[in-house]
Amino acid sequence: MTSLDLALVGNGTIGCLVNPRAEIVWGCFPRFDGDPVFCSLLREPSREEDFGFFAVDLIDHARDEQQYLVNTPVLVTRMHDRFGGCIEITDFSPRFRQHGRIFCPMMLVRQIRRIAGNPRVRVRLRPAHAYGRHPSGSTSGSHHIRYLGTDLVLRLTTDASITALLEETPFFLEDTVTLILGPDETMQGSVAEVGRHFLEETAAYWRQWVRYLGIPFEWQDAVIRAAITLKLNVFEDTGAVVAAMTTSIPEAAGSGRNWDYRHCWLRDAYFVVNELNRLGATRTMERHLAYILNVVAGAADGRLHPMYSISGRETVDEREVDSLPGYRGMGPVRAGNQAGRQVQHDVYGSAILAVTHVFFDQRLVQRGDEALFHRLEALGEHAAALFDQPDAGIWELRGVRRVHTFSSVMCWAACDRLARIAAHLGLAGRAAYWRSHVTRIHHAVCERSWNPKRGSFVATMGGDTLDASLLRLNEVGFLAADDPRFAGTVRAVERELRRGDFVFRYLEKDDFGQPENAFLVCTFWYINALAALGRRDEARALFESMLACRNQHGLLAEHIDPRTREQWGNFVQTYSMVGLIGSAIRLSVRWDQAF
């Protein structure tokens, strides 16, 4: 049965998901949000007449194992047959510095190497186009096959038998074959030599990148894998960070909560920038900040949308795709996301909190100045005016608008950071102006979102229900950790939203009924809240439990079934991996205390 026990390989231009049998089941070309050339993840399990995948079959297969090369996203799968034969498949996308810039082409490299015995293999490369509606046609030459899509032509260059590939006939693997799938361009030099060179340079690039990360003493493997995965979700060309590589993996079985996450949410930007800063990944952080600054600069009258395309466009229209049945047949499959048209007031705080780094972080090349501050003030004016107006909220409710506490708090945060930036720039008058809004909004939220009967803040002004975003009140600076109202809110959340080791984002019915699975990042927020309250032993135990929920490659999706611990939702989920990094850094013993 199809599952999310998948590995991610990529390079900042494309990202592909590989199952334990080395079948590529998902991959969009020419970029993250493109047409899924490999889409068997959203089809029924592969059949002989099926298409939308890239498989390497070992005849008489007996067992397999799979792992990443240390500190890289280079994936190695070993397969053994019943007669002692063994092969090794190495999958990666090239990424390294060349001619003074990052070389990260729309390219996937597969090396198949004989390890032992006399293995026979069959290669089945069956690209799709038009969202799995049609198999790609093909033409061939002496050492390549061209796959023809609607708007894209891919070329497979190889030293394997072209006939064996076209007819999918098994062949004995005598040594190593290399398959390079990429642009329709003639390859210069031996494909084997090109493959070896790309592998060596790519592995060296990633190991060098990891060397400069500021990682905690404990849980290093988990943090490094999460950091590499976060880096793979950054679209190199613009600096956008996608929420996930996939579309329409349901949040729970048969729930209909199937969304396209191959886009960039401004809300995520705040969390991503914070953790990249903590890791010391300043170059990646700068790329993403540049994307956000471009979005801010293009905002008409300072109005922001919750979500943008990876190229920075404002809208990504949502449509249902009838050519793909969905994950385990659980449709619908959607392309685009309606959230981009929603009203979500917290985006003003998210954008300003992210951009605040350019005013205070002296490592960055591009520094904030008075002109940028005044541009941000336009966003702040919207935050100050909209903090008590209804919106769809952080959870993007589609059927109702309310005055969400988290949105109000993030509007407060927008004004608070503007006051701090103004003071930093020596603009005393503007600092006083924004502090007046800070005081006004803080007072209103405390008056209208605090529920004395519950002894906690609640999800909406004047409401009585809870949601997990309230766990962020300390981290954004709205409440001090020793404020009894924060402790009361955490107690209320754990009493009402915690199920076993997991915290739900909310439990009331929404447009699709009552949520069945837990949103993973909410548990990381809870862990951080416990740590802030001094309950570190509880936090560490729960964090270890969360680490045990990762798949065999250390990766997390968006949701988890609290009963079976099966992962659900889009994959790999940036929010979840960022949450893991943040909690690990907060909970780890310091390096100077470790010995």
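Strand E8 (residues 86–92) and strand E11 (residues 108–116) run antiparallel and are joined by seven bridges; helices (H or I, at least four residues) and strands (E, at least two) are DSSP runs, numbered from the N terminus, and two strands pair if DSSP finds at least two bridges between them. Within this pairing, Glu88 has Arg113 in E11 as its bridge partner. E11 is also joined to strand E19 (residues 176–183), again antiparallel, through six bridges, with Val109 standing opposite Ile180 in E19. The model is a predicted one, in which local features need pLDDT of at least 70 and side-chain atom pairs count only at pLDDT 80 or more, while totals for chains, interfaces and linings use all residues. Residues are numbered from 1 along each chain as its sequence is written, and side-chain values use heavy atoms, with hydrogens and water left out.

Turning to the helices, the axes of H6 (residues 346–355) and H8 (residues 370–386) come within 9 Å and cross at roughly 150°. Here axes are lines fitted to C-alpha atoms, for helices over the stretch in contact, and angles run from 0 to 180 degrees between N-to-C directions. H6 and H8 are therefore roughly antiparallel to each other, a label given to angles over 145 degrees. On the H6 side, Tyr348, Ala351, Ile352 and Val355 meet a set of H8 residues that includes Leu372, Leu376, Leu379 and Leu386; contact means heavy atoms within 4.5 Å.

Leu304 and Phe478 have the most contacts inside the largest nonpolar core, which has 205 residues. Such a core is a set of buried Ala, Val, Leu, Ile, Met, Phe, Trp, Tyr and Cys residues joined through side-chain atoms within 4.5 Å, where buried means under 20% relative accessible area (1.4 Å probe, protein chains only). Helix H9 (residues 405–424) supplies the largest share of this core, 12 residues. A second, separate core of eight residues includes Trp259, Tyr261, Trp265 and Ala339.

Thr460, in the loop between strand E25 (456–457) and helix H11 (484–496), is buried, with a relative accessible area of 9%. Among the residues that Thr460 touches beyond four places in sequence are Arg402, His404 and Arg448. Met330 sits in the loop between strand E22 (319–321) and strand E23 (333–335).

Methods. Buried < 20%, exposed > 50% of the residue type's maximum accessible area, 1.4 Å probe, protein only. Parallel < 35°, antiparallel > 145°, perpendicular 65-115°, else oblique.
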